[in-house]
Amino acid sequence: MPRQTLSRFFTLVGSVFVVAALASCSGDSSSPSAPAPNATLRGGASWQPMNSGTSELLWSVWSAKDEVIAVGTSGTADHLKNGTWGTKPSGTDGSLCDVWMNTDGSALAVGVGGVILYYDAHSWSAMNSGTGNDLFDVFGFQDGRAYAVGANGTVLSLTGTTWSPVDAGTDVPLFGVWGSSPDSIYAVGVGGTIVRSGGGEWSFMDTPTPNNLNSVFGFSSQNVFAVGDAGTILSYDGSSWTVMNSGVVANLYDVHGLTSSNTWTAGANGTILHSNGASWTVSPSGTDEDLFGVFARRTDSVYAVGDVGTILHYAPTN
């Protein structure tokens with residue numbers, strides 16, 4: 001693949017070019033490097049490395065109730081509970097590209113070959129996705145409804161225990177999905193593609209960037225962020241998407257936050273940015289490993305995950 005097509009699922013690891021998804025969402029699984037020193041930030045908090053117990057590439061992280069889950073290559077499902085990370089059998093050897101957790105502690109994970117897994121807060125089991133297309137992202141709602149997106153413009157919706165295909169009007173790979181409600185869904189992907197559902201109808205949105213968009217997250221239908229390659233950050237105010245100044249050129253792979261004035265994004269070479277609602281600033285991560293997932297649990301508890309089993313926790317410094 002040409003260098004300019006790098007997205008959340010293509011990564012440059014050292015001097016070895018690793019093609020890491022549209023086709024496989026896989027990655028380098030070499031031994032992790034030594035933990036980086038803590039990077040102390042304002043307010044007495046810092047990014048601190050955690051012992052993940054795995055050297056697999058971790059694509060995504062989410063948290064609910066008293067548990068944190070990170071998923072990655074080789075079917076890795078890494079769980080943090082009672083202060084310790086440990087893997088649980090996922091039942092698949094393929095890469096798991098994304099995880100989402102419900103408020104009751106259940107979870108959904110999606111991956112290559114159309115794999116969808118359900119976690120009942122105790123163990124993982126397979127669901128029938130009805131597709132063989134790679135799935136890159138999943139997002140759900142408290143009532144159990146959910147959406148998954150992936151290769152060839154794949155969009156699936158979950159009602160009850162049944163996943164059904166949705167025609168979103170595109171065949172380009174979609175890397176990210178988020179919704180303010182089950183009837184207002186945003187999906188982003190290759191070439192700056194943004195599609196949105198409204199009352200069941202999907203339409204293309206005008207986009208101000210040709211860069212791949214890798215993740216989308218928001219706080220309402222008038223307050224949405226999307227991030228992508230070459231430091232791209234977009235914001236949507238309910239009427240149009242505009243480019244924000246990220247101050248970096250690194251590929252950005254994930255975005256999450258607590259409010260529009262407390263939002264995080266993570267990306268290549270250990271890049272982490274924080275927004276206070278007015279501007280984005282670098283948050284020193286203490287690592288140069290690529291970071292593919294970020295999740296803000298509380299103001300003083302944020303997780304970032306990435307290459308070779310990297311897990312960072314933003315927390316008050318002891």
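Ala, Val, Leu, Ile, Met, Phe, Trp, Tyr, Cys and Pro count as nonpolar, Asp, Glu, Lys and Arg as charged, and the others, Gly among them, as polar. Keep that grouping at hand for the first exercise.

The model is predicted, so local features need pLDDT of at least 70 and side-chain atom pairs count only at pLDDT 80 or more, while totals for chains, interfaces and linings use all residues. Residues are numbered from 1 along each chain as its sequence is written, and side-chain values use heavy atoms, without hydrogens and water.

**Exercise 1. The cavity**

Describe the largest cavity and the residues of its lining.

Step 1. A cavity is a set of points, on a 1 Å grid over the protein atoms alone, where a 1.4 Å probe fits but cannot get out; lining residues have an atom within 4 Å of a point. The structure holds one cavity of 30 Å³ or more.

Step 2. The space in the largest cavity is about 140 Å³; a volume is the space filled by probe spheres set on the points, which are joined across faces, edges and corners.

Step 3. Its lining has 17 residues, and Trp62, Asp137, Ser215, Val216 and Asp254 lie nearest the centre. Among the elements giving two or more residues to this lining are strand 5 (58-64) and strand 25 (252-259). Strands are DSSP runs (E, at least two residues), numbered from the N terminus.

Step 4. Sort the lining residues: 10 are nonpolar, three polar and four charged.

**Exercise 2. The open sheet**

Work out the strand order of the open sheet of four strands.

Step 1. Two strands pair if DSSP finds at least two bridges between them. The order is 9-10-11-12, with antiparallel pairing.

Step 2. Look for strands that pair on one side only: these edge strands are strand 9 (96-101) and strand 12 (124-127).

Step 3. Strand 9 and strand 10 (residues 107-111) share five antiparallel bridges. Val99 stands opposite Ala109, and Met101 has Ala107 as its bridge partner.

Step 4. Five residues lie between the strands of this hairpin, where Gly105 takes a positive phi near 95°.

**Exercise 3. Buried or exposed?**

Decide how strand 9 and His256 sit in the structure.

Step 1. Buried means under 20% relative accessible area, exposed over 50%, and partly exposed in between (1.4 Å probe, protein chains only).

Step 2. Six of the six residues of strand 9 are buried, so this strand is largely enclosed by the rest of the structure.

Step 3. His256, in strand 25, has a relative accessible area of 5%, so His256 is buried.

Conventions: 1 Å grid on protein atoms, 1.4 Å probe; cavity = no way out; pocket = protein on both sides within 12 Å on 5 of 7 lines; lining within 4 Å.
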